[in-house]
Amino acid sequence: MKPISYVFKEKIWITPALYSIGAILLSLAAFYLDLLVIGKITDYIPSIFLTKVDEGQTILGILTAAMLTMTTFTFSTVLVVLTMYSSQFSPRAPENFIRSATTRHVLGIFLGGFLYNMLSLLYMQEGVFDHEVLSTWIGIVIVFLCIATFAYYIHFVATNIQVSTLINKLIKDAEKVIAYYKGLYDQKHATLENWKPQTLQGKVKAEKAGYVQFINLAELVEIAEKEQAEIEVLVKIGDYVFEGKPIMKIHSNGSNKLDLKERLLIGDERTAEQDLGYAVQKIVEVAIRATSPGRQDPNTANDILVRLGHVLGEMGHLMTDGLVLTDETGHNRLLYRFSSYSDILYKAFYQIVYHSKKDISVFIAMANSLIVAASIAPEMRHDAIWKIMLYILESISEGELKSLDREFLQQKVDELAELTGHEKVIIV
């Protein structure tokens, strides 16, 4: 099954719904507290916390209207920020804002505050209470909490519209995905050469068309161990599949009727929780947008590229040719294949190369990015990194560079050649 944290991010409405349910329960608790308890202990409660029913109706009416206005304004702010994210950064950037825990909690607090005050106003009737009540004071406290939340949210929005904040979040998302796969690799793995499954018994096919969003690899290993089978995942997270496409192979000498479909989620769009390629794609798209003719902001693109090099270097430690997971006894249970490291590098740079042909600073930043990647990645990845450097240099036309541009870029290329153990090339 999917982790709870994944479900909360995917279903944005869940958090506000939980706050709303809590507000309804709190309003009922406050009503019965006023009805059954407050009248008996009025002498022990400071009068500042109690109000008459008619005064409570007036105050709660004002608070309800204020909360509705604040909630409406907050939703409008969210829509404005989402529009700006799409136009300034990337069409895929808004999901980082709307799926953030802060946004979900803020909307939940506002909706909860509105519901509490509205329901308390409904319960506040002179025929029901013949004494002062406490519900109004609770509503005022909730409104103060909402005002403090609103002030924090303004700060949150002002911070998140900065490109540096977005890049930090995208980099952290990519690092989380890498750490997830590293954790699986460190716990239980074997080399691809040791993958020698039993006779093929069955296949699992996609029940609908869409993108592969989530695969619970750990649970698949547990199922394979329990059934004494081996499972080969035929698709990668982020792949688009059609209905009826084989997505897994089951190798078993016993039953091939394993319940595996619940361990794989297919949806209408890609998500970055497990998708390495999509996490990198979102970073690259912001860099491409920064180099577009309408913005002309190469310095932002250069900063992104250097940080992208760190991510690509960390990805070099993953077994991208094939991740074989074993059970506790060391038996092979699962094979999952990533995209090759060469494909990952190519997809990270090919669009930037095309969009930045006339900007030498971006080419130098790409060289710096590969230097960082080569410094972090293991030696087995150096050939692929050097190959991408040669590909980038192919985009420079002969005689196009000025003398100092050529000299500075040549220094970077020479440094990468030394790091990767390849023969230096001369830029013409």
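**Close-up 1. Aromatic pairs in the predicted model.** The structure holds 14 aromatic pairs, a pair being counted where the ring centres of Phe, Tyr or Trp (its six-membered ring) lie within 6.5 Å, with planes under 30 degrees apart taken as stacked, over 60 as edge-to-face and the rest as tilted. One of these pairs, formed by F31 and Y123, is tilted, with 5.2 Å from centre to centre and 50° between the planes. The pair links distant parts of the chain, since F31 lies in helix 2 (residues 14–36) and Y123 in helix 5 (residues 101–123), 92 residues apart. Helices (H or I, at least four residues) and strands (E, at least two) are DSSP runs numbered from the N terminus. Residues are numbered from 1 along each chain as its sequence is written, and side-chain values use heavy atoms, with hydrogens and water left out. Because this is a predicted model, local features need pLDDT of at least 70 and side-chain atom pairs count only at pLDDT 80 or more, whereas totals for chains, interfaces and linings use all residues.

**Close-up 2. Packing of helix 3 against helix 6.** Helix 3 (residues 53–88) and helix 6 (residues 135–160) pack at an angle of about 15°, with their axes 11 Å apart; axes are lines fitted to C-alpha atoms, for helices over the stretch in contact, and angles run from 0 to 180 degrees between N-to-C directions. Helix 3 is therefore roughly parallel to helix 6, where angles under 35 degrees count as roughly parallel, over 145 as roughly antiparallel, 65 to 115 as roughly perpendicular and the rest as oblique. Helix 3 passes helix 6 in a left-handed crossing, that is, the near helix is turned anticlockwise from the far one by less than a right angle, clockwise being right-handed. The contact (heavy atoms within 4.5 Å) involves residues including G56, L63, F73 and Y85 of helix 3 and G139, C146, F150 and N160 of helix 6. By class, this contact has 16 nonpolar, six polar and no charged residues, with Ala, Val, Leu, Ile, Met, Phe, Trp, Tyr, Cys and Pro counted as nonpolar, Asp, Glu, Lys and Arg as charged, and the others, Gly among them, as polar.

Close-up 3. Five strands form an open sheet of mixed pairing in the order 1-5-3-8-7, two strands being paired if DSSP finds at least two bridges between them. Strand 1 (200–205) and strand 7 (323–326) stand at the edges with a single partner strand each, so one side of each is left without a neighbour in the sheet. From one strand to the next, the twist averages 20°. Strand 1 runs antiparallel to strand 5 (residues 246–252), to which five bridges join it, and L200 stands opposite H251 in strand 5. Helix 8 (residues 217–227) packs on the sheet, where it touches strand 3 (229–233), strand 5, strand 7 and strand 8 (332–336), and its direction makes about 145° with that of strand 8.

Close-up 4. Q228 is found in the loop between helix 8 and strand 3, and has a positive phi of about 55° although it is not a glycine. Most residues other than glycine have a negative phi.

**Close-up 5. Packing of helix 9 against helix 10.** Helix 9 (residues 276–290) and helix 10 (residues 298–315) pack at an angle of about 160°, with their axes 8 Å apart, which makes helix 9 roughly antiparallel to helix 10. Their crossing is left-handed.
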